[in-house]
Amino acid sequence: MQHLWLIPTLPLAGFLVNGLAGRRASKTFVNAVAIGSVFLAFLWTVKTLFALAPLETPHIERYFTWIASGDLRIGFDFAVDRLSAVMLMVVTGVGLLIHIYAAGYMAHEGGYYRFFAFLNLFMFFMLVLVLAANYLLLFVGWEGVGLCSYLLIGFYFLRKSAADAGKKAFIVNRIGDFGFSLAVFLIFVAFGTLDFGQVFAKAASLPVEHTAGLLTAVCLLLMLGAAGKSAQVPLYVWLPDAMEGPTPVSALIHAATMVTAGVYMVARSATLFTRAPLALDVVALIGLFTAVLAASIGLVQNDIKKVFAYSTVSQLGYMFLGLGAGAFSAGIFHLVTHAFFKALLFLGAGSVIHALSGEQDLRQMGGLRSKIPVTFWTMLCAAVAIAGVPPFSGFYSKDEILLAAHHHAPWMYWVGVITAGMTAFYVFRAMFMAFFGSYRGRAHAHESPLVMTAPLMALAALSLAGGKIDVPRILEPVFPRGEAHHSPALVAISVGAGFAGIALAWLLYVVRPALAGALAERTGFLYRLLYGKYFLDEIYDALVVRPIERVSRVLLWRGMDVGLIDGAVNGAGNRAQGIGGVLRKLQSGYIRSYAVWVLAGAVLMLVTVALAGGGR
Amino acid sequence: MTTAVPLSWYLILSAILFGLGVAGFVFRRNIITVFMSIELMLNAVNLSFVAFSYQLRQTDGHIYTFFVMVVAAAEAAVGLAIILTVFKNRATLEIDEVSDLKN
Amino acid sequence: MSQYYTATDHFVLVPAIMLALFGCAILLFDFWVFPEPKQRKWLLAFLALGEAFAGYGLWQQHTYIAGQGIAELTAFQGSLVVDGFSLFFNWMFIAAASIVALMSYRYLEVEGEHHGEYYSLILLAQCGMYFLASGADLITLFVGLELMALCFYIMVGFLRSDKRSNEAAMKYLLLGGFSSGFLAYGFSLLYGLSGSTKLSEIGVAIARRDPADPVLLLAMVTTTVGLLFKISAVPFHMWAPDAYEGAPTTVTAYLSVGSKAASIAFLLRIFLGPLASARAAWEPLLVFAAIASLTVGNLAAISQHNIKRLLAYSSISHAGYMLLGLVAGNETGIKGVAVYVLVYTFTNLGVFLVIVALRREGLVGDNIDDLAGLMHKSPGYALLMLICLLSLAGIPPTAGFIGKYYIFLSLIQAGRYVLAAAAALYVAVAIYYYFRIVRSMFMSDAEDAGAMETTFGVRVAAALTGLGTLGIGIFPEPFLRFAGQSLIR
Amino acid sequence: MPESYVELYFPVFLQVLIAMAVAGGMIGGSYLLGRKVKNRIKDTPYECGITPTGSARGRFSVKFYLVAMLFILFDIEAVFLYPWAVVYRELKLFAFVEMFIFIVLILCGFFYIWKKGALDWSQQERPPEER
């Protein structure tokens, strides 16, 4: 017994203390509780992992039976294997840094305690998600992080856009969760258990031809869930809007941890996916398509957080590409390095925004290099990492994925390379627009306090050196490594694409700034298409959101009574006063209208039964 | 041998009474009348119970009828009290004017 | 004791006697022993005593049945029956009535309509529920139903000077009477078909008849209409939103859990008892009602601004889920309905409790905006509300998940995949409107800084509902076993 | 023995017919034979010789309804006395005890309405809270 339960419980305690007592407590107290609880969780994680090393096989702790009926047992069980160990380190480690940063970033915001309470609650659910030993418990964490994300996106609730963004994230995630819950049910029906170990053992023991159809269905539904949570096509639309939340939230939830839950879940279910090649192909295709789509949108965005948001969507696509290509460890590797550099990019962006008193528009920045040097240099570290410049972290993980993709299907590699070039371009575009040239804004820029810059520096170190953590080797007991496909030429090409992107950005935004505008003019339609994010939001709105609202509002509580009955009556005209007078009264609120419904129901049932009975 | 009215006649009468009660509930506007329509429905039920009971030579149906009567009386008492409070607050017994709660 | 009133009869009747006795006692003591307004808490104590005695009687029945290892204990020549089913539901009624009474005291003070009769009515309504859960005879069931319904009519209109309360009471009364007319008519035909008012004998007689017999079909449909009305299933639901909205909030709470649970018990008794052999005929009706309830309940709830109204629509949709368990018809399904009702009782009481706790001079507390910033005002209640809403939405690890889990499972076991998928889809819709409330609580500023004034009783009730909702979710085993014992036959 | 329901109920039908004929005949006869004098006094309602006061459509006091309701309630309870009386000899003491309990319960209700003042005609001015 390593008392794994302590890891999530510590942040939960932090949530309870801050949530219930934080309002009256001082900021120092709130900080101490929030950061302290995460720090303790981090320490306990480290301690546990040391104690459990080398952790070749999963360590499972069964606390108590949750649901048992017949021979089925679903328990409150936590498990660690190397996969969850990696995730635990990322979640607690990066989470801790972001908590520290948030103490500085949120210092002047209202609802301080509330923010930290939610953040701690998020940590709790995320850790439950990672530690869960069965699908149901994973689902608990899954829904929980969704709830916290929803609450934190709408943190600035006075802004309508924030409230709308929260709503949107919520609705889109419902679709994904619907798929996920169906998948869980299907697994349960098919295997009679939800325990990871047992499900995978049963899936592995059954002959492939018997289970292929079923597993494909399960995996596709799981992927639908993952697409919702990890912002993949077609459910990615919520993530860019989610940037309405405070920046530390963007960094923690919408870049480093929660959005990677889908990747983790698919990797966790690798045994199922490898037995459903079709589903695996779908994963790869969705990942690749998302990566290109989001990267292309990211090329032209002017809001610094939006750029990084689309970048996140794109990088998540990369991870799914890796998973889909069968290189699960590469996907997780990228997850880890991405957590470092994307968290850093967001925190850096936060630092910029903080420095400029809330300005987020890249066009209002420029020349900040000398004004906020720490932010600049740390962000530069992240930028080179994400651009895939060797020997920094992004280079290693991205390479693993691209090589696997090439092995899987060469054309995927080439699309991936183009995406890599775009990635380098938009990141450096943002960097150059913000930090080079001359300052275009009005606010007085000032460097952030140490409490914010220290996490930046820590993350910068990780971004630069994180590639040396050989995650695929760590994960070998979970995902056995196939034959390594080394190909210096392919590596060179992808690195070259990265450098080309950087060079193009340098050309367009530093050397010849006028060229960028001209280019936008020249490619008017394409530019508008990209800037308008392919107008997918509008399409979704028209096709999905509005019809549902209309059905609810119009058809049901107005349409059914007023529309149907009143309309029919008015159509008959007022001449038929006798009948019309009676029927017109059958509107909502009138008892007799209700009685008519009861009567109509009774008659309908009678007719149904009589017809069915007569037919026999 | 035909010594009595056949059961079906009672049942048809009962059904007609019940239908009248339902129609009264749906078509009448005075709350009291609507309320009385319910009593009519219950009386239709009583008739059917008594008819069955007589046919089956049992007392269960009669007993049920007693209970229905008592329940109807209790309902009448409660109902009239409620209708009185409605009348006090609104000064109307027009059923369609009592429709603030809706949608 | 005589041959007409045996010891067994008495044993079976004790809880009902206690409820009625204390109900009458409170009625009399209200002006006789405790005439001062300040002394009303003694009436509350009396109610607690009545519940305790009823609970003791129930406990004895429980241990007796378990000790003897018998399935059921019949009394009054088979008019009343004590079995796992009746015990399960009666325990639930005791919990519901006690929690409602606890939260009512301060609420009625604020409303200015604090009368001793209220507590008496709670007990008498519960007495009616007792007969609904343990009745095995058409007469017993009908009288039980009417006893419960009459008490609720009065309670819904308890705020005599409030126009909305009057209107709600009147609508509930008229439509309730209308539907019980249908029910009684159906009962009369059932009696005519079988020549008995005992459910078991009716069942035997119906099984022998031609299932396409028009009189049987008429009896079945009219009975179904009456029953579906009581559990507020579409299209017989239209009273529910109005009655829920207009009634005093505590009464709404009691109505939504007590009346609904008792009606479900009644419905199960009828459909699994005498009408079991006609399943082929009524199953499509229930499928229709269930799907319609899910659709109307969930979609109409989306656009509501009044929480009580929203919860009324949500309760309509929950009725749909419960019906689905019956449609599945297997052991899991019936157990699922029992668990669902139990879970729903605690959870819904928790939600209403928060609304009740919000009520004070100048704040009605039933608009979603009234919950704004509850997180600041009173984080404990906000947390309770959050847990309960998650439970209503069916998200693990709260109790609501367990209930939905069994319903889905039963549908899948019965091979009703389409129904299961539809039900799962509506869960997604439901989360949306429940979370509107969450958002209001957590993500808005308080419009007024007034703190919540709560009493000890409200806090106890809050703890009970919160523990129930979380406890059943995390340690469902004892409750599941308990519900498993409640299967009819 | 009559063979059909028409035969069986023919006497009843005949009786109804005769009753209607007699009643119709009397009204019709007086209408045809009597002198028609129309004046105000003839149009006033006949109240056993006492001059009617006020409008016939005046509102009754709520008290009337209250008492009427209570009357229905207590009146209808008596219905249970009939089956009880039928089997009383058979059940002996048990029936007595049962009915005693029943009556006590009814008296309980009676006591309640009495104390609540529902039967007080004179105390009109009691505030509504007291009922």
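Okay, a word on ground rules. This is a predicted model, so local features need pLDDT of at least 70, side-chain atom pairs count only at pLDDT 80 or more, and totals for chains, interfaces and linings use all residues. Residues are numbered from 1 along each chain as its sequence is written, while chains are lettered from A and ligands numbered from 1 in the order in which they are written.

Let's start with chain A. You'll find 26 helices and two strands there; those are DSSP runs numbered from the N terminus, with helices being H or I of at least four residues and strands E of at least two. Of the 616 residues in chain A, 58% are buried, and buried here says that 20 or more other C-beta atoms, placed from the backbone, lie within 10 Å of the residue's own.

Now pick out helix H2 of chain A, residues 27-52. Its 26 residues reach 37 Å from first C-alpha to last, close to the 38 Å expected at 1.5 Å a residue (the expected span is 1.5 Å times one less than the number of residues). Among the buried residues of H2(A) are A:Val30, A:Phe42 and A:Leu49. And what covers them? The cover includes H1, H3 and H4 of chain A.

Next, two helices that pack together: H14(A), residues 304-324, and H17(A), residues 393-408. On the H14(A) side, A:Tyr318, A:Leu321 and A:Gly322 meet residues of H17(A) including A:Ile401 and A:Ala404.

How does chain A touch chain C? Here 50 residues of chain A are in contact with 52 of chain C, contact being C-beta atoms, placed from the backbone, within 7 Å. H26(A) gives the most to the chain A side, with 16 residues.

Last stop, C:Arg359. This arginine sits in the loop between H13 and H14 of chain C. Why does C:Arg359 count as buried? Because C:Arg359 has 22 C-beta neighbours inside 10 Å. Not counting residues up to four places away in sequence, C:Arg359 touches C:Tyr107, C:Val110, C:Thr249, C:Val364 and C:Gly365.

Definitions and conventions
Buried ≥ 20, exposed ≤ 12 C-beta atoms within 10 Å, placed from the backbone.
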